[in-house]
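Hi there,

Here is the model I promised to pass on to you. My notes follow below it, with the cut-offs spelled out as each term comes up.

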Amino acid sequence: MKKKEPDQFDKKLRNFESRLNVSKKQHHLHMSEDDNELWRFVLRAGVELFSAFLVGIIIGYGLDYWLSTRPLFMIIFSILGMSAGVLNVWRIVKPSDISSK
């Protein structure tokens, strides 16, 4: 029996598989860049929110310690710190067309 030589279909199939593998590698590389970008954004937003809150608490605690008004300034500055953190996160995520107006 004569061995069958690769016909046109087999050549097309190999060509398709080679192109598909290249495309899969590029897609995988693109997906990991998107994931890194998302993690960077989430980490930055968390740090912005927490650091502003922490600075507010430290300032409030210092003022309470200095003026002997125990929880008053800590409450006020923790609220202000949290507000500043939310404002910083808003500045990160706001669309660019709002800032141009």
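Let me start with Ser68, which counts as exposed because its relative accessibility is 65%. Here buried means under 20% relative accessible area, exposed means over 50%, and partly exposed is in between, using a 1.4 Å probe and protein chains only. Ser68 is in the loop between α1 and α2, and its phi is near 55 degrees, a positive value in a residue other than glycine. Helices are DSSP runs of H or I with at least four residues, strands are runs of E with at least two, and both are numbered from the N terminus.

Some housekeeping: this is a predicted model, with local features needing pLDDT of at least 70 and side-chain atom pairs counting only at pLDDT 80 or more, while totals for chains, interfaces and linings use all residues. Residues are numbered from 1 along each chain as its sequence is written, and side-chain values use heavy atoms, with hydrogens and water left out.

Next, Asp64, which lies in helix α1. Asp64 is buried yet has no salt bridge, and Arg70, the nearest side chain of opposite charge, is 6.6 Å away. For charge, Lys and Arg count as positive and Asp and Glu as negative, with His and the chain ends not counted. A salt bridge requires a side-chain nitrogen of Lys or Arg within 4 Å of a carboxyl oxygen of Asp or Glu. What Asp64 does have is a side-chain polar contact with the side chain of Thr69, at 3.0 Å. (A polar contact is a pair of N or O atoms within 3.5 Å; within protein, one must be able to donate a hydrogen and the other to accept it, and residues adjacent in sequence count only if both atoms are side-chain atoms.) Leaving aside residues up to four places away in sequence, Asp64 touches Thr69, Arg70, Pro71, Leu72, Phe73 and Met74, where contact means heavy atoms within 4.5 Å.

Over in helix α2 is Ser78, which is buried because its relative accessible area is 15%. The Ser78 side chain reaches the backbone oxygen of Ile75 at 2.9 Å. With residues up to four places away in sequence again not counted, Ser78 touches Phe53, Gly56 and Ile57.

How many salt bridges does a search of the whole structure find? The search finds 2. One joins the side chains of Arg40 and Glu37, at 3.5 Å from N to O; both residues lie in helix α1, 3 residues apart, or about one turn. Arg40 is exposed at 54% relative accessibility, and Glu37 is partly exposed at 46%. The side chains of Arg44 and Glu48 also meet in a salt bridge, at 3.9 Å from N to O. Arg44 and Glu48 are separated by about one helical turn because they are 4 residues apart in α1.

Finally, the surface: Leu38, Trp39, Phe41, Val42, Leu87, Trp90 and Val93 form a nonpolar patch with about 720 Å² of accessible area together. Patches take residues with over 30% relative accessible area and no salt bridge, joining like charges within 9 Å and nonpolar side chains (Val, Leu, Ile, Met, Phe, Trp, Tyr) within 5 Å. Areas come from the Shrake-Rupley method with a 1.4 Å probe, and for residues only the protein chains shown count as cover. Helices α1 and α2 (72-93) each supply at least two residues of the patch, with the largest share, 4 residues, coming from α1.

Best wishes
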